[in-house]
Amino acid sequence: MGVLEELGVRLPSYPDIRLALVLGERALYVNGDLQTARRWFDSAYRQAESCGDVPALARAALGQGGVWVQEHRTCAESEMVRARQRHALSLVDPYSSLALRLRIRMTGEEDYGAGGHEAILRLVARARTAGDPTALAEALSLAHHCLLGPEHGPLRLELARELIGQAPVTGRRGDLLMGLLWRTVDLHLAADPHAGRCLEELQGLLAEHDHLAVGFVVDVIRVMLTIRAGLFDQAEKMAGDCFERGVKAGDMDATGWYGGQIAAVRWYQGRVAELLPVLTDLVSSPTLSPIDNSYLAGFALAAATSGDRRLAAGHLARLRGRDLADLPRSSSWLFSMYCVAETAHLLQDAGTAAEAYALLRPFAGLPVIASLGVVCFGSVHHSLGMAALTTGDVDLAAEHLGEAVRANLALGHWPAATLSRWRLGQALALRDGPHDKAARAAQSTAAQEAKDLGMVLPAMVGRATATHGTFRLRRHGRHWQVEHAGRLVVVEHSVGMQHLATLIANPGREILAADLAAGAAAQESEPASAQPLLDDQARETYRQRLSELQAEIDELEAMNDIERAGALRLEREWLVAELTAATGIGGRVGPFTGTEERARIAVGKAIRRAISRVSAADRALGEELRATVHTGVRCCYRPR
């Protein structure tokens, strides 16, 4: 402070300081442009410091904090802003509005970084008694941000309502938008059926005049809802657009939130292991919140899904620390626990699963939503069911998974409902046997839903795999249900699927390709060239198969399925040629000539096409079929 300041003589502010402050405050509170606001406030602070303008210095230091907590993530940036705020607070009148607002900002940052909220709530009460509407509005918003754990839902809604009420008093449009945003987030976190109404109201206000920071979060929520609808391709494109908006707004969460949304899509697509390289970088990113453990938890799950048990166990241990209960109850806590429960199941870590169950049990009625609505993984009941499944309590698992299906349907979260239904079927199969009607119905329904959504359902590990050593194929009208090792898909009927069903029904037995093509009983026999005659039974079998083929060809052509009709026509032509070659004038039978090669080609192509259809629905099942089904003149299914 200069000599004139010490004598009580206030130096005049430079005009450009006032302009920088006005532009900074407009960018922050009106437009929500965090990046532009930071530049103006930095410029204003430097100029105010050089000329000793204390009020301008304090306003600039306050503005640099932004609208969220932890807007400055790197150590260097956050310490610089904190030092400026402390310096400003030491200069201003301790009883002034600026002093109160600075203390609110600094306390909010400290509470959030420590995972607490007591100090900021005391300052909310102090701002109420001080009668300072601007200070109160800022305190309410920061306190709300410090209370994003699942246990504080009712208190958050009270703070959001009070903030909406303060907005007309402050006259700042940003306060109204922040209040409505917090309320929208709260209703989604509580699975309130009216959350969509609040989102629509907020979107209407943003359409009149955009606010980059609030609009970014609204777009993030819309991506989450699109994933819930099972529109994965659309959600992925929206996530990319949303990321660009977040970068434009200067939101430090843009990268992490985009990564979370892509991870959610890949999880339901059965491709989360592909993200291991990206997650390796994100886990150590300085842009993540200091109390955010979601990416560490996600990394453990991705590693476990990929089959790297050592890597998964190491990261799970790192996440747990000395006690899983010590994890801070941040906005990403429920998602972290979701990953813990899934990873523990894949590793068959019953101890961790039991801990996770005890911690999650009080929040069974909530959805697993990360941060301010970034991603949703359905009902907490699903995680409770998986934890119970891992500890071996199948009755409890079935109870929770049944509740998860109902809760996820109420959320309109179709992928989560499908996954919970699939796990419910597996739990019922463990409890009541693999042939239980309810278990089979749940798994079959889930498999068809997964096919429609483009999902890949996970396998059961541990006890469940013992009941599924070989493939099981069942035909339901125009579809086949394919199951192996706890995985199940539904594919359309084809000739190749019929061949596969015959082979799988006779594991280890070699069956002539000619017999498969003719639909004859699977029996070991000499090569077809050694069969001198067609007997009456064989001729009748050929003719019956020809009749079936013609009916199927007519049906497929009526459905305009030219590709499959063409494949069946080739098989019919081959059978006609064989029947003609084996039957003389007047119906006399003659010897087979060269049937092995033609049968080998026709049957081999049909089986490979069928396996490709299975692989398109579930890559792991397709690979297992390719490894265990052998084609040629003689075909065989040899389970491993």
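Contact here means heavy atoms within 4.5 Å, and helices (H or I, at least four residues) and strands (E, at least two) are DSSP runs, numbered from the N terminus. In this predicted model, Gly256, Trp257, Gly259, Gly260 and Trp267 of helix H14 meet Tyr295, Leu301 and Thr305 of helix H16. The model is a prediction in which local features need pLDDT of at least 70 and side-chain atom pairs count only at pLDDT 80 or more, while totals for chains, interfaces and linings use all residues. Residues are numbered from 1 along each chain as its sequence is written, and side-chain values use heavy atoms, with hydrogens and water left out.

**Confidence**

- The protein has an average pLDDT of 85, with 86% of the residues scoring at least 70, where pLDDT is the predictor's confidence in each residue, from 0 to 100.
- Over residues 1–13 the pLDDT stays under 50, and the model has 14 contacts beyond four places in sequence for this stretch.

**Helix pairs**

- Two packed helices are described by the angle between their axes and the distance between the axes; the axes are lines fitted to C-alpha atoms, for helices over the stretch in contact, and angles run from 0 to 180 degrees between N-to-C directions.
- Helix H14 (residues 254–269) and helix H16 (residues 294–306) have axes that come within 12 Å and cross at roughly 30°, and the two are therefore roughly parallel to each other, given that angles under 35 degrees count as roughly parallel, over 145 as roughly antiparallel, 65 to 115 as roughly perpendicular and the rest as oblique.
- H14 passes H16 in a left-handed crossing, a term used if the near helix is turned anticlockwise from the far one by less than a right angle, with right-handed used if clockwise.
- The residues of the contact of H14 with H16 divide into four nonpolar, four polar and no charged, where Ala, Val, Leu, Ile, Met, Phe, Trp, Tyr, Cys and Pro count as nonpolar, Asp, Glu, Lys and Arg as charged, and the others, Gly among them, as polar.
- For helix H8 (residues 133–145) and helix H10 (residues 173–189), the axes come within 11 Å and cross at roughly 25°, which makes H8 roughly parallel to H10, and the crossing is left-handed.
- In that pair, Ala137, Ser141, His144 and His145 of H8 meet Asp175, Met178, Trp182 and Asp186 of H10, a contact with three nonpolar, three polar and two charged residues.
- The axes of helix H18 (residues 333–347) and helix H20 (residues 380–391) come within 9 Å and cross at roughly 30°, so that H18 and H20 are roughly parallel to each other, again with a left-handed crossing.
- The contact of H18 with H20 involves Leu334, Tyr338, Ala341, Glu342, Ala344 and His345 from H18 and Val380, His382, Ser383, Met386, Leu389 and Thr390 from H20, and by class it has seven nonpolar, four polar and one charged residues.

**Sheet E3-E4-E5**

- Three strands in the order E3-E4-E5 make an open sheet with antiparallel pairing, where two strands pair if DSSP finds at least two bridges between them.
- Strand E3 (472–476) and strand E5 (487–492) stand at the edges with a single partner strand each, so one side of each is left without a neighbour in the sheet.
- Neighbouring strands of this sheet are turned by 20° against each other on average, direction ignored.
- E3 is joined by five bridges to strand E4 (residues 479–484), the two running antiparallel, and Arg472 stands opposite Glu483 in E4.
- Helix H24 (residues 495–504) lies across E3, E4 and E5 and runs at about 135° to E3, whereas helix H29 (residues 619–628) lies across E4 and E5 and runs at about 85° to E5.

**Sheet E6-E8-E7**

- An open sheet of three strands has the order E6-E8-E7 with antiparallel pairing, and its edge strands, E6 (511–512) and E7 (629–630), each pair on one side only.
- E7 and strand E8 (residues 634–637) pair in the antiparallel sense over two bridges, and Tyr637 in E8 is the bridge partner of Val629.
- H24 lies across E6, E7 and E8, running at about 65° to E8.
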